[in-house]
Amino acid sequence: ENVHFEYNADAPVIQDISFNVAGGQTVAFVGPTGGGKTTLINLLCRLRDPSRGRILVNGIDIREYDPHEYRRLFGLVLQDLYLFPVSVMENLKVFREQVTDQSAMEAAKISGIHDTISQRSSGYDAILAERGSDLSYGQRQLLAFARALAVNPDILVLDEATSSVDPGTEQRIQRTLESLITGRTSIIVAHRLSTIRRAHQIFYIQDGQILERGSHDELMAQQGDYFKLVMRQTIHHHGTEVV
């Protein structure tokens with residue numbers, strides 16, 4: 001609600017942004033690099049506070065929540081897929097006591113990473129290398145999805161990565177993403193056109209401002225900046241459209 005944010009007074013990063021996300025909706029932020037998309041995610045997750053304005057979740061200013069309880073609302077899948085040099089199971093639980101072994105394994109099955117884990121000699125007890133460097137990028141992405149799914153979050157926040165993966169992994173990632181966002185409030189910095197098409201609302205952000213908002217079809221019909229972005233950046237990668 002009328003959110004502003006700046007690191008320096010003369011260099012605003014977010015300028016008077018307001019929007020509403022209904023429960024169960026998926027919204028997507030798109031736009032050029034440096035436009036403020038990731039900053040909005042940081043503000044929502046309360047990694048930083050707005051310089052002006054406020055953010056409300058369930059009608060409550062997020063600054064009024066207990067920080068620990070507030071973060072329990074979220075499942076995060078960020079571009080920097082940090083994995084700890086501990087067991088696979090501990091990485092799935094991310095030190096959250098409410099996640100059981102059973103729920104973690106079920107999340108891994110849904111995400112399509114269970115078989116990969118089971119093929120290791122120690123299975124879920126296998127110790128990962130620093131930052132998960134002994135896994136492929138696609139495997140790390142699926143493990144991150146499983147980690148988010150295991151906590152059954154009220155709100156999913158996904159800063160979608162653009163790294164290329166093989167067609168089979170791409171399909172598994174897309175299926176897992178659909179499982180995560182269906183019926184769940186989801187806020188996505190989106191790059192894949194397949195993700196954007198299903199969003200209830202799309203916000204085109206540039207220079208810290210929302211320039212366009214609407215569904216994919218509505219924005220394409222306007223033939224504005226979003227339309228130009230799709231036309232300019234749509235490529236075909238192993239049969240998958242990417243924005």
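Colleague: Hi! Let's start with α1: is the helix mostly covered or mostly uncovered?
Modeller: Hi! In this predicted model, α1 is mostly covered, with six of its eight residues buried.

Colleague: Which residues of α1 are the buried ones?
Modeller: They are Lys37, Thr39, Leu40, Ile41, Leu43 and Leu44.

Colleague: OK, then what is Lys37 in contact with, leaving aside its neighbours in sequence?
Modeller: If you skip neighbours within four places, Lys37 is in contact with Phe29, Val30, Gly31 and Pro32, and also with Val189 and Ile205.

Colleague: Nice. What about the residue Arg46, which follows α1: is its phi positive or negative?
Modeller: The phi of Arg46 is positive, near 60 degrees.

Colleague: Switching to strands now. In which sense do β1 and β2 pair, parallel or antiparallel?
Modeller: They pair in the antiparallel sense, over four bridges. Strand β1 takes in residues 3-8, and strand β2 takes in residues 11-17.

Colleague: How many residues does the hairpin use to join them?
Modeller: The hairpin goes from β1 to β2 through two residues.

Colleague: Which residue in β2 stands opposite Glu6?
Modeller: Pro12 does.

Colleague: Let's zoom out. How many helices and strands are in the protein chain?
Modeller: The protein chain has ten helices and twelve strands. Its radius of gyration is 18 Å, close to the 18 Å from the globule rule for 243 residues, so the chain is as compact as a globular protein of that length.

Colleague: What does the C-alpha trace span along its principal axes?
Modeller: About 55 × 45 × 30 Å.

Colleague: And how much of the chain is buried?
Modeller: Buried residues make up 49% of the 243.

Colleague: What share of the contacts comes from residues 24 or more positions apart?
Modeller: They account for 66% of the contacts that have a separation of 6 or more.

Colleague: Last one: which domains is the chain divided into?
Modeller: Domain 1 is made of 83-154 + 169-191, while domain 2 is 211-242. Taken over C-alpha atoms, the centres of domain 1 and domain 2 are 29 Å apart.

Notes:
Residues are numbered from 1 along each chain as its sequence is written. This is a predicted model: local features need pLDDT of at least 70, side-chain atom pairs count only at pLDDT 80 or more; totals for chains, interfaces and linings use all residues. Side-chain values use heavy atoms; hydrogens and water are left out. Domain bounds come from an automatic or database domain assignment. Two strands pair if DSSP finds at least two bridges between them. Contact means heavy atoms within 4.5 Å. Buried means under 20% relative accessible area, exposed over 50%, partly exposed in between (1.4 Å probe, protein chains only). The radius of gyration is taken over C-alpha atoms; the globule rule is 2.2 Å times the number of residues to the power 0.38.
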